[in-house]
Amino acid sequence: TNAKWLHLRTVVQLVSILARNTPRSLRPDAPTLIMNILNVLAAIDGQEGEAEEVGESCLQALCALFGSCVAPGTVPLEPVVKTALSLLRHDPNYAGYDDDDDDFPDDDDELIMDNYSDDDDLSWKVRRSAAKLLSVLVSTHLSALGELLVPISAGIVATVLDREETVRLEVLATFSTLLSQLQYDDADAFSENADSTSQKRKRNSDDLPMKLTGVRYVEPQLA
């Protein structure tokens with residue numbers, strides 16, 4: 001099993017390297033590579049340990065592919081966004097308490113926590129890479145996301161208070177990227193509308209002398 005994860009992680013890391021350094025060579029195969037990586041992420045969802053290391057590498061490979069190899073509108077984004085949002089919540093080691101639970105954990109919970117160390121928790125790597133993938137999608141494929149911006153925004157807001165600082169920082173950076181891209185998009189739309197209005201007024205102004213040709217000016221008479 002360890003050899004399997006190691007081989008898979010090596011292959012995915014190779015894809016990332018090629019995507020960043022020779023993106024043109026991967027562009028024809030990018031859609032197929034993306035779907036294969038999504039299948040790997042679906043297979044390891046909910047697993048821990050080495051599977052999470054592979055998950056991090058897969059998300060980094062998707063960042064490289066969408067950042068360098070994929071033209072907007074050429075790959076369906078919905079399954080990618082759905083996977084990223086799901087892994088943004090990946091935290092199998094977090095133990096929350098329901099309203100019906102006592103205010104303090106029982107003896108069994110304390111025993112589990114005594115045998116568990118934060119050093120063994122790799123889930124934060126998955127959540128951080130998922131946030132980074134959303135940031136790449138927003139910055140490079142904003143126009144193609146369309147209505148997917150709604151769940152992306154909700155997912156970012158829901159995880160802005162992640163228990164790991166590195167994840168919180170990446171989520172905040174993704175949120176900042178989203179706001180900036182939306183601001184630039186609105187500014188571009190306003191500029192286009194202003195240019196269109198200006199050109200229309202110019203055309204009307206150019207037509208005005210033709211419409212007034214042959215009209216005799218009459219001096220107003222004062223009473």
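Of the 223 residues in the chain, 32% count as buried, where buried means under 20% relative accessible area, exposed means over 50%, and partly exposed is whatever falls in between (1.4 Å probe, protein chains only). Keep in mind that this is a predicted model, in which local features need pLDDT of at least 70, side-chain atom pairs count only at pLDDT 80 or more, and totals for chains, interfaces and linings use all residues. Residues are numbered from 1 along each chain as its sequence is written, and side-chain values use heavy atoms, with hydrogens and water left out.

As for the fold, the chain has 10 helices and zero strands. Helices (H or I, at least four residues) and strands (E, at least two) are DSSP runs, numbered from the N terminus. Reading along the sequence gives α-α-α-α-α-α-α-α-α-α. Now for contacts, meaning heavy atoms within 4.5 Å: if you take those with a separation of 6 or more in the chain, 81% come from residues 24 or more positions apart.

Where does Ser 16 lie? Ser 16 is part of helix H1, which covers residues 2-21. Ser 16 counts as buried because its relative accessibility is 6%. Leave aside the neighbours within four places in sequence, and Ser 16 is in contact with Ser 57, Gln 60, Ala 61 and Ala 64.

Leu 14 also has its place in helix H1, but it counts as partly exposed, because its relative accessibility is 47%. Over in helix H3 you'll find Thr 32 and Asn 36. Thr 32 is at 49% relative accessibility, so it counts as partly exposed; Asn 36 is at 41%, so it counts as partly exposed too.

| C-alpha pair | Apart along the chain | C-alpha separation |
|---|---|---|
| Leu 14 and Ser 57 | 43 residues | 9.8 Å |
| Thr 32 and Val 75 | 43 residues | 9.6 Å |
| Asn 36 and Cys 58 | 22 residues | 9.8 Å |

On to empty space. Rolling a probe the size of a water molecule over the atoms shows where empty space is left. Here the search runs on a 1 Å grid over the protein atoms alone, and a cavity is a set of points where a 1.4 Å probe fits but cannot get out. Grid points are joined across faces, edges and corners, and a volume is the space filled by probe spheres set on the points.

How many cavities of 30 Å³ or more does the structure hold? The structure holds one, and the largest cavity has a volume of about 60 Å³. Its lining residues (those with an atom within 4 Å of a point) are Leu 41, Ile 44, Asp 45, Gly 46, Gln 47, Ala 51, Glu 52, Gly 55, Leu 87, His 90 and Val 126. The elements that give two or more residues to this lining are helix H3 (30-44) and helix H4 (50-68). H4 gives the most, with three residues. Sorted by class, the lining has five nonpolar, four polar and two charged residues. In that scheme Ala, Val, Leu, Ile, Met, Phe, Trp, Tyr, Cys and Pro are nonpolar, Asp, Glu, Lys and Arg are charged, and the others, Gly among them, are polar.

Last, the rings. The charged end of Lys 4 sits over the ring of Trp 5, at 5.4 Å from the ring centre. The criterion is NZ of Lys or CZ of Arg within 6 Å of the ring centre and within 35 degrees of the ring normal.

Technical notes: 1 Å grid on protein atoms, 1.4 Å probe; cavity = no way out; pocket = protein on both sides within 12 Å on 5 of 7 lines; lining within 4 Å.
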